[in-house]
Amino acid sequence: MNQPNPAIIKHDTLFDKPFTTPLDKAARFSFDEQVVACFPDMIRRSVPGYGQVLAMLPLFARRHCKYRQKKGSGQRVSRIYDLGCSLGAASMTLAGEFDPQDLQIKAIDISPAMTTEATTLLSDNYPDHNIEVITADIRDVELEPCDMVILNLTLQFLPAADRVAVLEKIYAALSEGGILVLTEKTHAFDEQYDAWLVERYYDFKRANGYTEMEISGKRNALENVLITDTLDEHHARLDQVGFKRHLTWFQFLNFVSIVAFK
Ligand code: GEK
């Protein structure tokens with residue numbers, strides 16, 4: 001990476017503290033202003049491999065984005081969607097590695113608190129890039145033809161019944177040779193393996209400075225909000241929506257990233 005990603009480091013001084021008092025334990029997790037303020041710290045300390053996955057996105061884009069003709073202008077551009085963009089870390093990673101005229105990025109998130117901050121971060125850091133931040137539910141948006149779609153830790157927040165429809169829409173919008181990068185927290189089908197992975201995941205969080213109260217507070221808040229699938233379920237769903245080839249290219253404990261090829 002040429003320069004540090006501001007969506008990751010900007011709030012370095014604001015540590016993730018939403019779950020530090022017993023009463024907070026009852027709070028349901030939501031992507032509000034309180035979460036936005038500490039989001040970069042939270043995601044970096046609680047998602048194993050977050051930085052590594054982001055760092056690979058521009059390398060994937062280089063291989064799979066075919067430059068399409070921009071209507072009427074004679075210019076060629078690639079369109080990439082960042083769905084569930086939060087503060088725009090994935091979009092920013094891509095912008096940092098591409099010339100402004102090469103990409104059109106559409107970053108979408110349902111949380112206005114997230115998109116407000118993402119708009120500021122992206123326009124401050126990449127004023128010349130063509131990046132549109134949109135506040136919307138990804139279940140409702142129409143996708144334009146595109147070369148790459150990033151679903152980084154977002155599908156897991158949709159109701160299980162809505163996941164197929166979103167993936168079908170992505171498949172339809174992708175150009176031949178385009179890719180979906182799907183990163184998710186998962187659970188293992190085997191209970192013993194799952195217990196081991198979950199315990200090591202809590203060890204990972206402890207090692208990153210989280211207290212027992214913070215770990216259990218977050219676990220309770222995310223119950224029924226973040227609903228994981230198994231890796232097999234993800235691959236079966238990708239088959240179901242039409243992707244003929246899909247590969248788990250990254251795994252770190254119970255977090256995985258899959259690339260699906262159209
Ligand atoms: C990153 N991708 O830093 N429509 C749009 N956005 C949604 C929806 C929905 N239906 N449901 C949830 N979100 C980011 C990290 S965070 C992951 C993604 C996490 C949004 C939600 O508002 C939040 O910003 C994001 O999905 C999930 O690369 O917090 O663990």
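Lys-106 is buried, at 9% relative accessibility. Here, buried means under 20% relative accessible area, exposed means over 50%, and partly exposed lies in between (1.4 Å probe, protein chains only). The model is predicted: local features need pLDDT of at least 70, side-chain atom pairs count only at pLDDT 80 or more, and totals for chains, interfaces and linings use all residues. Residues are numbered from 1 along each chain as its sequence is written, and side-chain values use heavy atoms, with hydrogens and water left out.

The side chain of Lys-106 forms a salt bridge with that of Glu-132, at 2.9 Å from N to O. This pair links distant parts of the chain: Lys-106 is in strand 3 (residues 103–109), Glu-132 is in strand 4 (residues 130–135), and 26 residues separate them. Strands (E, at least two residues) and helices (H or I, at least four) are DSSP runs, numbered from the N terminus. Glu-132 is partly exposed, with a relative accessible area of 36%. A salt bridge is defined as a side-chain nitrogen of Lys or Arg within 4 Å of a carboxyl oxygen of Asp or Glu. Side chains of opposite charge can pair when their charged atoms come close. The structure holds twelve salt bridges.

Asp-162 and Arg-139 form another of these bridges, with their closest N and O atoms 2.7 Å apart. This pair also links distant parts of the chain, 23 residues apart. Asp-162 is in the loop between strand 5 (146–152) and helix 6 (163–173), while Arg-139 is in the loop between strand 4 and strand 5. Asp-162 is partly exposed, at 25% relative accessibility. Arg-139 is partly exposed too, with a relative accessible area of 34%.

Glu-212 and Arg-206 also form a salt bridge, and their closest N and O atoms are 2.6 Å apart. Glu-212 is partly exposed, with a relative accessible area of 48%. Arg-206 is partly exposed, at 30%. Elsewhere, salt bridges with shared partners join Arg-79, Lys-106, Glu-132 and Glu-144 into one network.

Helix 8 spans residues 212–222. Its buried residues are Glu-214, Ile-215, Ser-216, Gly-217, Lys-218, Ala-221 and Leu-222. Their cover includes helix 2 (33–46) and helix 7 (191–207). After helix 8 comes Asn-224, with a positive phi near 65 degrees.

Aromatic rings were examined next. The structure holds seven aromatic pairs. Rings of Phe, Tyr and Trp (its six-membered ring) pair if their centres lie within 6.5 Å; planes under 30 degrees apart count as stacked, over 60 as edge-to-face, and the rest as tilted. The ring centres of Tyr-201 and Tyr-202 are 5.9 Å apart and their planes meet at 40 degrees, so this pair is tilted. Tyr-201 is buried, with a relative accessible area of 5%. Tyr-202 is buried, at 11%. Tyr-201 also forms a tilted pair with Phe-255, at 5.3 Å centre to centre and 55 degrees between the planes. That pair links distant parts of the chain: Tyr-201 is in helix 7 and Phe-255 in strand 8 (residues 255–261), 54 residues apart. Phe-255 is buried, with a relative accessible area of 4%. Ring pairs link Tyr-201, Tyr-202, Phe-204, Phe-252 and Phe-255 into a cluster.

Charges also sit over rings. The criterion is NZ of Lys or CZ of Arg within 6 Å of the ring centre and within 35 degrees of the ring normal. Arg-62 lies over the face of Phe-98, 4.0 Å from the ring centre. Lys-262 lies over the face of Tyr-171, at 4.4 Å.

Definitions and conventions. Contact = heavy atoms within 4.5 Å.
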